[in-house]
Amino acid sequence: MRAYRHHFHAGNFADVFKHALFARLLVALAKKEKPFCCLDTHAGTGRYDLAHRWAQKNREYEGGISRLWQRRDAPALLAPYLEAVRAENPDGSLGVYPGSPAIARRLLRADDRMVLCELNEKDKDALRKNFARERRAGVHLLDGFQAVKAFLPPRERRGLMLMDASFDRKGEYARVVEALREAHNRFATGVFAFWYPLMEPAALRAFERDLRETRVPGIVQLELWVHPADWTADLRGCGMLVVNSPFGFENEARALLPWLLTALAGPGAGGQRVRALG
Ligand SMILES: C[S@@+](CC[C@H](N)C(=O)[O-])C[C@H]1O[C@@H](n2cnc3c(N)ncnc32)[C@H](O)[C@@H]1O
């Protein structure tokens, strides 16, 4: 198993971006009465102790959730996400950051369910422990790319898949394109969200070209960066692709990202965009 452990990055700007948007997608799916299934293909451990030495190594959360935690002027669109963070920190001080499974747990209804896949055995054990009393969750030691084949379409015929791959090996952009194609073939009406890092411009151009070539219609591309394009010291920015984006989601993202950008990058730095790919 490769070395990526999300605990080092928990609560950083990329997590805030991803989880704020993920929460909006969950809220949108929960608007219709019919139950849905949330498939989290790269689930991590579900919650992260920020005092742990791994989180303390680079204190990445200080450039992420810490910048939102004390704000009283956050837009209402962020409320579902921020409430999920507050729920993990009932004493009012920020000590624990919720992963995507913990955010989904807050926003699922009684008849919805979630399928959580994680390939690192230790992380899977921690995830299973964290969700042991959650009857709506199934935890699987499984390659997230295989999970697309194993769990789509869900029996509910309504669903949201988050693919949050770790991009710690070559070829991950291509695997994401393949997963998008496969997910759409299997479940044409599913809502799919794919997170990706902003790396070298040439790799991103190839990624966008390959995405267009899938001919999957209506892909919404959302990006936020906190450093300039030539920044190589650490992650400069990230993006999310949303397939079959729910009604209203794109407008919500257009309202949210400028606020997040100012909160996370500071005035005049970084950038953001929302556009249809195709
Ligand atoms: C970016 S983290 C996930 C964070 C989580 N989605 C969240 O938002 O809280 C990526 C996770 O994928 C796991 N992983 C890496 N390769 C995988 C694979 N092929 N299938 C499933 N999980 C994988 C890593 O161990 C890591 O926990």
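**Close-up views of a predicted model**

**View 1. Strand β1 is covered on both of its faces.** In strand β1 (residues 37-40), Cys37 and Leu39 on one side and Cys38 and Asp40 on the other are all buried, where buried means under 20% relative accessible area, exposed over 50% and partly exposed in between, with a 1.4 Å probe and protein chains only. Helices (H or I, at least four residues) and strands (E, at least two) are DSSP runs, numbered from the N terminus. This is a predicted model, in which local features need pLDDT of at least 70 and side-chain atom pairs count only at pLDDT 80 or more, while totals for chains, interfaces and linings use all residues. Residues are numbered from 1 along each chain as its sequence is written, and side-chain values use heavy atoms, with hydrogens and water left out.

**View 2. Strand β1 pairs with β4 and with β6.** Strands β1 and β4 (residues 113-118) run parallel and are joined by four bridges; two strands pair if DSSP finds at least two bridges between them. Four bridges also join β1 to β6 (residues 159-163), again in parallel. Cys38 stands opposite Met114 in β4 and opposite Leu160 in β6.

**View 3. Cysteines Cys38 and Cys238 are seen here with their sulfur distances.** Zero disulfides are found in a search of the whole structure, a disulfide being a pair of cysteine sulfur atoms within 2.5 Å. Cys38 is in no disulfide, and the nearest cysteine sulfur, that of Cys37, is 7.0 Å away. Because its relative accessibility is 1%, Cys38 counts as buried. For Cys238, the closest cysteine sulfur is in Cys38, 18 Å away, which is too far for a bond; Cys238 is itself buried, with a relative accessible area of 0%.

**View 4. The ligand is surrounded by 22 residues.** The closest are His19, His42, Glu118, Gly144 and Asp164, and a residue is near a molecule or strand if one of its heavy atoms lies within 4 Å of it. By class, this shell has five nonpolar, ten polar and seven charged residues, with Ala, Val, Leu, Ile, Met, Phe, Trp, Tyr, Cys and Pro counted as nonpolar, Asp, Glu, Lys and Arg as charged, and the others, Gly among them, as polar. An oxygen atom of the ligand is 2.8 Å from a polar backbone atom of Ser100, and an oxygen atom of the ligand is 2.6 Å from an N or O atom in the side chain of Glu118. A nitrogen atom of the ligand has a backbone N or O atom of Gly144 at 2.6 Å. Of the 600 Å² of accessible area that the ligand has on its own, the protein covers 99%, as computed by the Shrake-Rupley method with a 1.4 Å probe; for residues, only the protein chains shown count as cover.

**View 5. Helix α5 (residues 100-107) is largely enclosed by the rest of the structure, because six of its eight residues are buried.** The buried residues are Ser100, Pro101, Ala102, Ile103, Ala104 and Leu107. Ala84 lies in helix α4 (residues 79-88) and counts as buried at 1% relative accessibility. The C-alpha atoms of Ala84 and Ala104 are separated by 8.8 Å, although these residues are 20 apart along the chain.

**View 6. Asp123 lies in helix α6 (residues 121-130).** Asp123 is buried, with a relative accessible area of 8%, and its side chain makes a polar contact with the side chain of Arg5 at 2.8 Å. A polar contact is a pair of N or O atoms within 3.5 Å; within protein, one must be able to donate a hydrogen and the other to accept it, and residues adjacent in sequence count only if both atoms are side-chain atoms.
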